[in-house]
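Let's take a walk through a protein model together. Keep the picture open and follow along as we go.

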Amino acid sequence: MEASPSLFLPKPTSLSNLKPPLPLCFPLKRFVSISKLQTQAQSRNFCALYGKRNGFSFSTAVATESATVSQNDTAQETQKEEKEKIVLPTNESSEKLLRIRHTCAHVMAMAVQKLFPEAKVTIGPWIEYGFYYDFDMEPLADKDLKRIKKEMDRIIARNLPLVREEVSRDEAQRRIMAVKEPYKMEILESIKEDPITIYHIGEEWWDLCAGPHVESTGLINKKAVELESVAGAYWRGDENRQMLQRIYGTAWENEEQLKAYLYFKEEAKRRDHRRLGQDLDLFSIQDEAGGGLVFWHPKGAIVRHIIEDSWKKIHVEHGYDLLYTPHVAKVDLWKISGHLDFYRENMYDQMKIEDENYQLRPMNCPYHILVYKRKLNSYRDFPIRVAELGTVYRYELSGSLHGLFRVRGFTQDDAHIFCLEDQIKDEIRGVLDLTEEILLQFGFSKYEVNLSTRPDKFVGDDDIWEKATSALKDALHDKGWIYQIDEGGGAFYGPKIDLKIEDALGRKWQCSTIQVDFNLPQRFNITYVDSNSEKRRPIMIHRAVLGSLERFFGVLIEHYAGDFPLWLSPIQVRVLPVTDTQLEYCKDLSNQLRRNGIRTEVCHGERLPKLIRNAEKQKIPLMAVVGPKEVETQSVTIRSRFSGELGTLKVDEFLDKIKFAIEKRTSL
């Protein structure tokens, strides 16, 4: 059963920008990267073996970050990882967990007010990974969380009952005034239903709430609860109102689940695209330019270039025409589209040019409609498919900006299809096929699919809504994809399909969307001439596969932990001379690789173990080591980040192997 966390707060939405959803299954193990341990051992073995073959002696201390890990240790860790797995429940899959988390929020509020009597409570819902509560009080430090957790443990140990009570609105108001809680009074005013429900913890603490809760605090496992952090949050999300102290916590059914979650958090932290973006020199967001504006560095830019080239190639193959359109337009365009009325808060201020007002574009749709309107179209021309990697600008509060996931300027992989009613199903199916093809390239094969239907307020006739919704369903059935129905969740202008991709940690990210639009064709009065020479209005389909290049790149970084596959890696081969005597040969080799389309660079000036370790840190897929024998035999000794030592190869043989691997998108 799904219930609202409180009378005064709707079911909370996912804070996935900050803490994405949990994996269904996660290994319970000592959290040291197995690949890192193997890499360190392989680096030392490679240096020793190469030195033995070629008469060199290396000190490998600089190539390690920790003590030597034996093969037995690695094998034991691998076995442990395979055996010890635990399924993490969600609020949706376990009502018990939901009740625990909601009760923990109340227990935490009670603990805070015991320790800080001046604190005023506001709201405290469950959320995707646990719970939080907002307080009007003096700023808290991390050390205060330990005190609060100890007090929570005492409350839990007392096994106090959770008692539901129904009171009249007047009685609720009297009790709130007695305890001098102004935020509760404001919450009470927002509650429309009677009677008012209150939950008590024993006879010592209460709050306005609709539940659900566990029957008593003793049903909470205190060892499966942890307070995580303190953050600032404006009351009601309004920056003009009081800044509150928000305490985040996590709660689970047992200790094993908590441990698995904490391991997950550590792994997610290791994969954080903001840290990896800096460590691998992929991108930056610089204060001098402004928040939310992305600088693509050479290595990040080359990955973007690969994504864009692949995207364009596939779209052309699928019958799309590519467009490039302006970044600004007259304000009148945004009046016609409705953005100025319904999207103004997300748009930047207007700029005056020669007595006319212009606006940075928040979306690409109106531009594509103008391209459609440039001539009179016949029914024979349909379907018409246009696509653009169009950069848009949207105003976001500074507090909501988050790496590549929430920015102020981003490039959408936008496309629009103009078609006839009886073409909707086939066009949607074509979009689903194209979506699958693109996502599979980047290693995403698991999706969560939702179909959102007509809301209470909508434009367009009932008949066309039913036809469009049926076409979406039929296309999904033909595709064989399992999907969920989100009744009434469609946009006012049409039904839609949303697709979330699942990454290596089991987290789900909203990327692809397909939306049927009855609104803009009407607003812009676009038409076509039918077989009877009468003007009719076409169906318009909006669709994006990646969502935005910035956000998708962030997801890619975290999915691969920065360890991109060979075909996508910014640098595919790093050429390493044993000494500077081989430098000229290495430069010639690098140039030859570049001429064959291989992304490469030469690094020198350090001892070989250090050069190898640096390449490992930068997650370079292939290292081509060159010593005197390689120069003499016109060859290279190859070490793969994924496969270890590959031996000594002639240059032409190496070129053939790497080109084949890139073409087939495999490792070497």
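Predicted model: local features only at pLDDT ≥ 70, side-chain atom pairs only at ≥ 80, totals over all residues.

Residues are numbered from 1 along each chain as its sequence is written, and side-chain values use heavy atoms, with hydrogens and water left out.

Start at helix 4, residues 142-157. Helices here (H or I, at least four residues) and strands (E, at least two) are DSSP runs, numbered from the N terminus. The expected span of a helix is 1.5 Å times one less than its number of residues. Which residues of helix 4 are buried? They are Asp144, Leu145, Ile148, Lys149, Glu151, Met152, Asp153, Ile155 and Ile156, where buried means under 20% relative accessible area, exposed over 50%, and partly exposed in between (1.4 Å probe, protein chains only). Their cover includes helix 3 (95-115) and strand 5 (130-136). Just after helix 4, asparagine 159 takes a positive phi of about 55 degrees.

Next comes an open sheet of three strands, in the order 14-16-15, with antiparallel pairing. Strand 14 (328-330) and strand 15 (351-353) are at the edges with a single partner strand each, so one side of each has no neighbour in the sheet. Two strands pair if DSSP finds at least two bridges between them; strand 14 and strand 16 (residues 356-360) have three. Across that pairing, alanine 329 stands opposite glutamine 359.

What about disulfides? Counting a pair of cysteine sulfur atoms within 2.5 Å as a disulfide, the model has zero. Cysteine 209 is buried at a relative accessible area of 1%, and cysteine 511 counts as buried at 5%.

Further along, strand 29 (residues 635-640) and strand 30 (residues 644-650) form an antiparallel pair over six bridges. They make a hairpin with three residues between them, and serine 635 of this pair stands opposite lysine 650 in strand 30.

Finally, find helix 17 (residues 583-595) and helix 20 (residues 651-664). What do they touch with? With contact meaning heavy atoms within 4.5 Å, the residues involved include Tyr585 and Leu589 of helix 17 and Phe654 and Leu655 of helix 20.

Definitions and conventions. Axes fitted to C-alpha atoms, helices over the stretch in contact; angles between N-to-C directions.
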